[in-house]
Amino acid sequence: MDLVRHLECFVAVAEQSHFGRAAAHLGMAQPPLSQRIQRLERELGVRLFERTSRQVTITESGTLLLAEARELLARSEAFMATARRIRDGETGLLRAALSPDIAGETVAAVLADFPRRHAGPELELHELSTAQQLARFASHDLDVGVIHHPCDVSGLELGPVLRRELGVLLPRSAAAAVLDEVPLASLTGYDLILFPRNSAPALYDDLLTTCARNGYTPAAVRHGQGASFVRGLVLSAGAVALGPYDAQPADVRDRNADAGSGVVWRPLAGAPLAWRHSVAWPKGRGDAAVNAFAEVATHALRTTAGARGEAPAGPLHLRPASEYWL
Amino acid sequence: MTDTAARIHAAFAEAGGTGWLHALDIDSGAQIDAGADQPVCTASVHKLCLLVTLHELAASGSLDLGEQIECPPAGRTAGPTGLAAMLDPVRISVRDVAYLMMAVSDNAAADLLLRHVGLDAVNRAMTRLGLTRTHAVHTFGELFATIREDAGPGGAQALTDPHVITRLRALDPARTNRSTPRDMTRLLGAVWRDEACTPEHGAAIRRILGLQVWPHRMASGFPFDDVHVAGKTGTLPTVRNEVGVIEYPDGGRYAVAVFTRTANTAATLPAADAVIGTAARIAVDALRAS
């Protein structure tokens, strides 16, 4: 008996509570589906469903087996994915991704260190946003990646959360440009340049809320992402942008560089804003290659991008509508 | 995907999360399916299953809803409302404990009732009603104990760490109390059509569901004095749910089940609460237009 195929039938009938609908869902005819269920029941010696003329109900025994059947199917899918990965490359291929804002030095360090750390599969590195990475995890087209928080982490395993503190890009002529550290409140009067909201709504809202809480509510938010477009807006449109130190060119980030570009980068006082990253991979699909990538990427972020572990969280005041209490 | 389902998914994304919805016109059977068969963690939504079970047992004569029960302060399940928040001994009837469980999601009340009837009775009642994908594996006290255990020494504050969130058994439908949006509208439909129990008990369940105090989720999507909203919420870190019934003055009545996960791990996220109302409204408007 092909256990996996029979379990697929069991789960489909349990989910649809109907042989016809389950058969349609599986793309097969109803009689062979009924036969498979009967065969499985015989093989297990357990009655899985009660059948009446009008409907099918799962038995208590069936309910007890259902969760494990789903788990087995998920594991078998992961097994096939690993086999595909091994088949597709001579020694196998690890499909990994970094988000587009990761600095060149970090990308280079990952590419250089991975083969040193892990002799197994070849690294195929992609530039993908967090949303794209999550979609490819779900479709089994990506093995591991460096994502931005906050994002929906259900079904994922994560490495430690790392912070890349954000500074501000502002015109050299701005009053705040002479400061060593710029308080957010001193940016009042400037518009803010941010990525488009729909690419990461939770992160976007988080950034604006933190700016407002620290005394900076921009009159307008302008959307831009490309380095030269952002630079142009900062130079002549009365706007400032946010970004980590490691992602800036040397003439912008170094205090003592010649006044060539007209745009300067300064840290924010109190480091209220950060990109928060971690390495992520689908639950149950972590293997030696994934673990090696996680170590290499975490190390690269720490050494080339100055990323640090998170400070302990502040107090948490759960309100009554939270419904839970620890 | 239908246009309505796409708009519902877009609303969840816009609010910074993911969600699954099923809406059912209780009388015509018309439906909106936006992930209706997704396995979800019920959290406090499971209190609805317990309430229906109590009334089934009462209807069959094996439980007296008027029976007075003692609730000493020691051993009460923790929570921010109702008996869970009170300091002194309480003597109260079964049905008033059920009212507290539903109106303010009182965790101590829920576990008091679960001790009275047992988890198995709840699961049996749900199976009898044809809810094949709804199952309770632990009491509320046990559920919170898994969270405390998984959160580790950092306590409640650690629950904003995404790394901790991925470890919580309470957020994995395979390992906690679970259901699907479709199962929940099936349950509400049965209650509203008086198929779950006798009309007298059905009316009592509907009364209590109409007394829930929270205005921030499903009810927020229906800012109309002449529309009646009855429901039960459920909340855990990154999980926000509500299932309920919306009744219009022209007689239209709609069971809606909404289950969501947020990307942000913060406990206070008003927009994530409100999108449950927004999504329910998109679904009900579509059902009423068809």
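Tutor: Helices (H or I, at least four residues) and strands (E, at least two) are DSSP runs, numbered from the N terminus. This is a predicted model, where local features need pLDDT of at least 70, side-chain atom pairs count only at pLDDT 80 or more, and totals for chains, interfaces and linings use all residues. Residues are numbered from 1 along each chain as its sequence is written, while chains are lettered from A and ligands numbered from 1 in the order in which they are written.

Take helix α3 of chain B, residues 94-103. Seven of its ten residues are buried (20 or more other C-beta atoms, placed from the backbone, within 10 Å of their own), so the helix is mostly covered. The buried ones are V94(B), V97(B), A98(B), Y99(B), L100(B), M101(B) and M102(B). In chain B, they pack against the helices α2 (46-59), α4 (107-117) and α9 (199-209), and against the strands β4 (68-71), β5 (90-93) and β7 (228-236). Just after α3(B) comes S105(B), with a positive phi of about 55°.

Now the cores: a nonpolar core is a set of buried Ala, Val, Leu, Ile, Met, Phe, Trp, Tyr and Cys residues joined through C-beta atoms within 7 Å. The largest has 165 residues. Among those with the most contacts inside it are V240(A), F293(A), L21(B) and A283(B). Leaving aside neighbours within four places in sequence, A283(B) is in contact (C-beta atoms, placed from the backbone, within 7 Å) with T4(B), I8(B), L21(B), A23(B), I32(B) and V256(B). A second, separate core of 19 residues includes L33(A), I37(A), L40(A) and F49(A).

Definitions and conventions: Buried ≥ 20, exposed ≤ 12 C-beta atoms within 10 Å, placed from the backbone. Contact = placed C-beta atoms within 7 Å.
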